[in-house]
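The following questions and answers examine a single protein chain. Please consult the sequence and the model shown here while reading.

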Amino acid sequence: MNSNERLRLPWAGRDTFTCSWLDRVQLLEEVVSTQEEAKKLAENGAPEGTSVRAEEQTGGRGRMGRKWHSPRGKGIWISIVLRPELPLSLTPQLTLLAGVAVCTAIREVTGVQAGIKWPNDLLAGGRKICGILLESSLREGGLHYCIAGIGIAVNLTEEDYPQELKGIGTSLLIEGGGIPIDRTVLTEAVLTELEYLYILYNEQGFKPIRELWESMSVTLGRQVCYNTPEGRCEALAVGLDENGGLLLKDRTGAVMSVLSGEIEMI
């Protein structure tokens with residue numbers, strides 16, 4: 001599929017859509033981090049939708065400074081420049097939007113029924129198949145740009161995972177019964193879904209994104225553990241609030257919203 005072809009998007013009532021971002025992909029062989037390369041482009045005025053994709057990252061990272069395993073030729077390691085007109089407090093919504101886009105693309109292209117774990121992971125078979133990292137840059141007057149980093153384990157085998165990730169990470173190859181996935185086709189589907197949902201978000205706000213996210217969630221309806229200043233607590237995940245925070249109901253029936261951090265599903 002090239003930038004002039006149209007991808008039929010899966011949601012009912014959606015018309016065909018041509019992705020303009022497919023012409024803005026820079027493919028590199030090896031980088032320390034696609035996030036850093038995309039930041040350089042953003043600082044130099046790269047337009048929204050510009051992306052950096054690498055065959056290999058030697059220093060890829062996830063949330064909270066964790067290292068991201070990015071072997072050569074096995075996955076999709078890509079970072080996209082976004083220039084949203086948003087207050088900084090609402091940028092976590094873009095992480096959820098990216099999760100919906102990637103989950104949709106994976107399901108459509110591969111048939112693997114991935115699901116979204118709040119706030120930024122995709123799981124398949126109970127194991128992690130994708131991580132999303134959103135980083136923002138500020139300037140005087142507000143938000144300058146965001147970089148949306150997406151790492152998808154596409155054609156990794158069990159032997160490709162280091163010991164510390166065995167049993168935690170999986171791939172589309174593993175979950176799809178050993179059938180290799182065309183990474184270019186999946187990349188194009190991800191970018192098409194991402195641009196479409198981003199336009200929808202700018203036109204209609206977070207509500208349609210929230211509804212799509214909730215329909216794909218593997219977190220909602222589950223008991224989860226989370227950390228508070230008073231210690232570790234358990235609650236039932238019941239939905240998203242209007243800002244993208246995870247709504248948790250405790251044993252007393254009280255509902256609170258968690259906007260950041262990590263949860264563990266029980």
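Q: What is the accessible surface of the protein, and what percentage of this surface belongs to carbon and sulfur atoms?
A: The model is a predicted one, and the values discussed here are computed from it. The accessible surface comes to about 12300 Å². Of this surface, the part that belongs to carbon and sulfur atoms is 49%.

Q: How many helices and strands does the protein have, and what percentage of its residues is buried?
A: The secondary structure consists of five helices and 12 strands. A residue counts as buried when its relative accessible area is under 20%. By this criterion, the buried percentage of the 266 residues is 51%.

Q: Among contacts between residues at least 6 apart in sequence, what percentage joins residues at least 24 apart?
A: A contact requires heavy atoms within 4.5 Å. Among the contacts between residues at least 6 apart in sequence, the percentage that joins residues at least 24 apart is 62%.

Q: Of what kind is the aromatic pair of F17 and Y196?
A: The structure holds two aromatic pairs. In one of them, F17 and Y196 have ring centres 5.3 Å apart, with 75 degrees between the planes. F17 lies in the segment before β1 (25-31) and Y196 in helix α4 (residues 183-204), so the pair ties together parts 179 residues apart in sequence. An angle over 60 degrees counts as edge-to-face, and the pair of F17 and Y196 is accordingly edge-to-face.

Q: Are W21 and Y198 stacked or tilted, and are these residues buried or exposed?
A: W21 belongs to the segment before β1 and Y198 to helix α4, 177 residues apart. Their ring centres are 5.8 Å apart and their planes stand at 55 degrees, so the pair is tilted. W21 has a relative accessible area of 4%, and Y198 has a relative accessible area of 4%. Under the 20% cut-off, W21 is buried and Y198 is buried.

Q: Which residues does a cis peptide bond join?
A: The loop between β4 (115-117) and β5 (121-124) contains P119. At the peptide bond in question, omega is about 0 degrees. This cis bond joins W118 and P119.

Key:
Residues numbered from 1 in each chain as written. Predicted model: local features only at pLDDT ≥ 70, side-chain atom pairs only at ≥ 80, totals over all residues. Heavy atoms only, no water. Helix = DSSP H or I, 4+ residues; strand = E, 2+ residues; numbered from the N terminus. Phe/Tyr/Trp six-rings, centres within 6.5 Å; stacked < 30°, edge-to-face > 60°. Buried < 20%, exposed > 50% of the residue type's maximum accessible area, 1.4 Å probe, protein only. Areas by Shrake-Rupley, 256 points an atom, 1.4 Å probe, with all protein chains shown as cover.
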